[in-house]
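Please consult the sequence and the structure shown below while reading.

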Amino acid sequence: QVQLLESGGGSMQAGGSLRLSCAASGYTFDRYCMGWFRQAPGKEREAVAVVFTGEDPYYADSVKGRFALDLDNAKKIAYLHMNGLKPEDTTKYYCAYGVGTVVGGVRCRASWDYDYWGQGTQVTVSS
């Protein structure tokens, strides 16, 4: 079993910054997918920033150039630095961790790549 402990989030004005953290503990893998998804009401859960150990992170188009994912592999902690926040970034963010599967040459971008999920942390951006 893997436990994910999320922290960070909260409320911020547009243009501001927040940092989310997610620490994995328990029976962790040597190589894994880890990162952040978000799900707005009525929409599917989407990958915001995810990474497979040793590879470059993937970012959703909507956050490229604004968000940055740092993975501390030794500590199994993923940080999501959120800069230039916009009101449309408002939603709940979920940390995810899993083995991942290569499909069509990519992995870690789909929900099914992940075996464990955090409880979610709310990010609210006001205009």
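The model is a predicted one.

**Fold and dimensions**
- The protein chain contains zero helices and 11 strands.
- The radius of gyration is 14 Å, close to the 14 Å that the globule rule gives for 127 residues, so the protein chain is as compact as a globular protein of that length.
- Along its principal axes, the C-alpha trace spans about 40 × 30 × 25 Å.
- Among contacts with a separation of 6 or more, 59% come from residues 24 or more positions apart.

**Burial and charge**
- Of the 127 residues, 43% count as buried.
- There are 13 positive and 13 negative side chains in the protein chain, and the centres of these two sets lie 3 Å apart.

- In soluble globular proteins, nonpolar side chains tend to be buried together.
- The largest nonpolar core comprises 27 residues, and those with the most contacts inside it are Met-34, Trp-36, Phe-67, Met-82, Tyr-93 and Tyr-97.
- Elements that give two or more residues to this core include strand S1 (2–8), strand S4 (33–39), strand S9 (91–98) and strand S11 (121–126).
- Strand S3 gives the most to this core, with four residues.
- A second, separate core has eight residues, including Cys-33, Ala-47, Phe-52 and Ala-96.
- Leaving aside residues up to four places away in sequence, Tyr-93 touches residues including Leu-20, Trp-36, Val-48, Phe-67, Met-82 and Val-123.

Methods
Residues numbered from 1 in each chain as written. Predicted model: local features only at pLDDT ≥ 70, side-chain atom pairs only at ≥ 80, totals over all residues. Heavy atoms only, no water. Rg over C-alpha atoms; globule rule 2.2 N^0.38 Å. Buried < 20%, exposed > 50% of the residue type's maximum accessible area, 1.4 Å probe, protein only. Contact = heavy atoms within 4.5 Å. Lys, Arg positive; Asp, Glu negative; His and termini not counted. Charge placed at Lys NZ, Arg CZ, Asp CG, Glu CD. Core = buried A, V, L, I, M, F, W, Y, C linked by side-chain atoms within 4.5 Å.
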